[in-house]
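Please look at the sequence and the model first.

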Amino acid sequence: DAPVSDECVMPKGWGLNDENAAVYRVEYKTVDGQRVARRVAVSYDPVLITRKLQHKDTDVCYVELAWRSGSKWRSYMFERDSVFSTRRIVECARYGAPVGSDNALELVQYLRAYETENRRSIPPGHAQSTMGWLGDDDDLGHHGFLVGDRQIGGNGQRVEYVGDTSSDFKEGGTRDGWKAAVARLDPWPAMRVAICACLAPPLVGIVGAPNTIVEFVGETSGGKSVALRTGATCWRSAKAKLPRWNATANGLEARAQVLNDLPLIVDDTADVPESKRRDLLGQAVYMLESGHTRTRSSKTLQQAPAKQWRTMVLSSGEYSLADYVGTGGAAARVLSFWGAPLGDASEKTGTTVAEVMVDFGKHFGHAGPLFVKWLCE
């Protein structure tokens, strides 16, 4: 039941599924003048290399390890130099890989032999650490569009996302279930604004538009976060935690790079301490709207290439981001919707919204990928 090609074989000197160990090394000794084989346990769970990827921009190589835990196979994509280092492979244990300080050396030797023996049978591919369009300015969709673990469209070349946020971008339930939930929010136009803003990012590169911020501004308990969660369900579950503005500028920058051509949703400007609000929010607005990092030097003191992103930022808070950037181009790209998105927020409204949020926890992640599929076609 191993998730590998039928052409894959165990390398010479190693075995799998022995009664005493899933992976074992064959050791030969001479006893009374005769050569005797002895099996030495390496791992008590079967572990294999299932795929190899190469990053399209950095040329970093990745290998996917798969191991059986109980009755199920689990897998994770690791940087290749982590898997083939006796010091670093132990870190793979945090993801459940069957490795520890006691078997690190022999497991590295085994995996190295397995990779060499099956170099023509392990499927290769390409990796990307950012989502969005997989092309250039002349042909944005040349290799399709990457959202989480899904590649939509393209010319057939497989590209996979390697990172920690892909699990946020999943489908759940049905498209009709999501549409029915959205229909119940029809009395509140702000919800449609949030949905349109969350569907807009894939168009930014196509039409050559600037990065823009759409914000809902007003007092607390008016439904601002509900609007953000509603828009987010175009791509992911409403249960996923919304990032907060009380973060570092570098953290927001890193998230914008990953979520290229996808909405960047950040909740509650009031979450930032008042003493830091003007500096952090002002800096963040300029940075997110600019769409690129500042010039930096690498470890070798060479100029590091700038990272870029295209996005629509959705924000909420009691304070408008435009107040922290003054006048000029940056303020002009902050589109503010004032007031309570849910109006009077009556008891009936609260009940409806609570029920819709439950539905959004079941039905999500359909609208965005369907829109991208339509754009590709």
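## Helix α6 and its cover

The cover over the buried residues of α6 includes α4 (189–199), β12 (212–217), β13 (264–266), β16 (312–317) and α10 (347–362). Helices (H or I, at least four residues) and strands (E, at least two) are DSSP runs, numbered from the N terminus. Buried means under 20% relative accessible area, exposed over 50%, and partly exposed in between (1.4 Å probe, protein chains only). A contact is a pair of heavy atoms within 4.5 Å.

Helix α6 spans residues 224–232, and seven of its nine residues are buried, so the helix is largely enclosed by the rest of the structure. The buried residues are K224, V226, A227, L228, T230, G231 and A232.

## Basis of the model

This is a predicted model, in which local features need pLDDT of at least 70 and side-chain atom pairs count only at pLDDT 80 or more, while totals for chains, interfaces and linings use all residues. Residues are numbered from 1 along each chain as its sequence is written, and side-chain values use heavy atoms, with hydrogens and water left out.

## Overall build

The protein has eleven helices and 17 strands. Its C-alpha atoms fill a box of roughly 90 × 55 × 45 Å along the principal axes. Of the 377 residues, 47% are buried. Among contacts between residues at least 6 apart in sequence, 64% join residues at least 24 apart.

## Helix α11

Helix α11 covers residues 367–376, and A367, G368, P369 and V372 in this helix are buried. The buried residues of α11 pack against β8, β9, β10 (150–152), α3 (175–183), α4 and α5 (201–207).

## Salt bridges

A search of the whole structure finds 21 salt bridges, each a side-chain nitrogen of Lys or Arg within 4 Å of a carboxyl oxygen of Asp or Glu. One of them joins the side chains of E106 and R25 (2.6 Å, N to O). E106 lies in helix α2 (residues 104–117) and R25 in strand β2 (residues 23–31), so this pair ties together parts that are 81 residues apart in sequence. Both E106 and R25 are buried. A network of salt bridges links R25, E27, R38 and E106.

The side chains of D81 and R88 also meet in a salt bridge (3.1 Å, N to O). D81 is partly exposed at 44% relative accessibility, and R88 is partly exposed at 24%.

## The loop between α6 and α7

A salt bridge joins the side chains of D271 and R244 (3.3 Å, N to O). D271 lies in the loop between β13 and α8 (274–290) and R244 in the loop between α6 and α7, so the pair ties together parts that are 27 residues apart in sequence. D271 is partly exposed at 29% relative accessibility, and R244 is partly exposed at 34%.

N246 lies in the loop between α6 and α7 (249–258). Not counting residues up to four places away in sequence, N246 touches D271, V272 and P273. The C-alpha atoms of N246 and P273 are separated by 7.7 Å. N246 counts as partly exposed, at 42% relative accessibility.
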